[in-house]
Amino acid sequence: MKNKQYKILELQQKFFKSGVLDKIEYRKNALIELKREIKKNEIDIQQALYIDLGKSEGESFLTEIHFVYNEIKIALKNLHKWTKRKSVRSSLLNFPSSDYIIAQPYGNTLHISPWNYPFQLSISPLIGAIAAGNTVVLKPSEFSIETSKILEKILHNIFDKGFVRVVQGGPDVASSLLNLKWDYIFFTGSVKVGKIVAKKAAQFLTPTTLELGGKNPCVVDESVSMKTTAKRIVWGKFINCGQTCIAPDFVIVNKKIKEDLVKEMILQIKNLFGNEPKKSSSYGRIISEKHLNHLESLLINEKILYGGKFSLKEKFFEPTLLEIKNFSSKIMEDEIFGPILPIYSYEDFKEVDEIIEKYKNPLALYIFTKKISFGEKFLHKHSFGGGAINDTVVHIINDKLPFGGIGNSGMGKYHGESTFNTFSHFKPYISRPLWIDIPLRYPPFEKKLKFLKKVLKIT
Ligand code: NAD
């Protein structure tokens, strides 16, 4: 018997086959509608993000809503260019021929999103999927309840359910959706669940983007300007209460400046969130009691340099700095994903390279140094998703930079044109006339080989 999820897919298959999405104007209008509907619901979106994560209006606008507007703007501006058939130079052996590449939508796509930037991480991939002409089933997170509700309201209000459909639920629902044969799966979440998704996708060989997490190192050498360095690290770490996939997970600082850096970081935490972050309208909350309990457990046996207070009832966790002497403690095992920043001091930079290798393929890598070419060499040497010299997190802002992980931190890239590319199969074909047929490629070759090599310039 067909289950509920199967019927949802069947409806989307029918919609895709109808061919309406072949029309670029249809896709454009869908994006215009989406923008209009988001604008109409902006206050409710902000309110939902506040209830779910204690996000301030400013943070919600900058990191969620504006982000999405920008992605829509880019897609609308470039859609004709992106979807245009591209001509490429043909190869000599095929002479005469015309060679082309066309962007073909995959078809029916499944999106599974997390709770930490629940609006942006649900809508951004969807924009690219629509721009490329796909249908979308979105399964948002069961933790960011209010945002998931508003996502459903917005998308169901403007789109035919065969085109875009929101399905609410937790792992069970996600799992039963993954039992179906999709044409593309876009998953954002943890490494653990990413592996489950990849396994399920493998049964149908479904192409998949996995946007995962990881432990992102942030290296600080002795040459830095203390104030700006501290401010940029603290901002990147404690924005969204540390629940950011590309937040610095831990700091590795030159021993000579460690004390000064810690002092400056404490000062900067106070500048950003005041002496009592609980009262600051700019400081967020932990998504759930379960997640807060986990963070609390990470503090056991650790040396707290600053912060460490929390309140289960209010889902509040203070910005916290720790000193670590080695990498064997529990907090250094997995991504922290909360407002706790362990700080390790190194004596010899060789040690830094070894640590980075230990946490291979992080989603992000940061280095603070006045020696820019040294910083560049360092970033070139190591493998990671994306990163920055002398800043944290902000590489995500530039839509011209493809965003994504490598190895353990995921596969695939998106943002701006990369999202359109993600949801498109670039289909090549050639077109040849029938009035001429140069016999070079046909056997027997004996008499042609010499000439062939000459023509193809192979000595
Ligand atoms: P999660 O993996 O627990 O959940 C993500 C989504 O998967 C949710 O919708 C959830 O319902 C679903 N899910 C959970 N268990 C499942 C299962 N067994 N089978 C199928 N689906 C299942 O992640 P989370 O806690 O929501 O988000 C935090 C994680 O996401 C962190 O690891 C973070 O680094 C990562 N993340 C990555 C990016 C990125 O762009 N790379 C962005 C944000 C968050």
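This report looks at a pocket and a cavity in a predicted model.

## Ground rules

Residues are numbered from 1 along each chain as its sequence is written. In this predicted model, local features need pLDDT of at least 70 and side-chain atom pairs count only at pLDDT 80 or more, while totals for chains, interfaces and linings use all residues, and side-chain values use heavy atoms, with hydrogens and water left out.

## The second largest pocket

Let's start with the second largest pocket, which holds about 600 Å³ of space. A pocket here is an open set of points on a 1 Å grid over the protein atoms alone, with protein on both sides within 12 Å along at least five of seven lines; lining residues have an atom within 4 Å of a point. Points are joined across faces, edges and corners, and a volume is the space filled by probe spheres set on them.

Its lining has 28 residues, and L62, T63, W235, I239 and I397 lie nearest the centre. Helix α4 gives the largest share, eight residues (helices are DSSP runs of H or I, at least four residues, numbered from the N terminus). Domain 1 (2-212 + 409-426) and domain 2 (217-397) both give residues to this lining, so the pocket lies between them; the domain bounds come from an automatic or database assignment.

## The largest cavity

A cavity is a set of grid points where a 1.4 Å probe fits but cannot get out. The whole structure has three cavities of 30 Å³ or more, and the largest cavity holds about 60 Å³. Among the residues lining the largest cavity are G214, K237, D249 and F337.

Terms used: Helix = DSSP H or I, 4+ residues; strand = E, 2+ residues; numbered from the N terminus.
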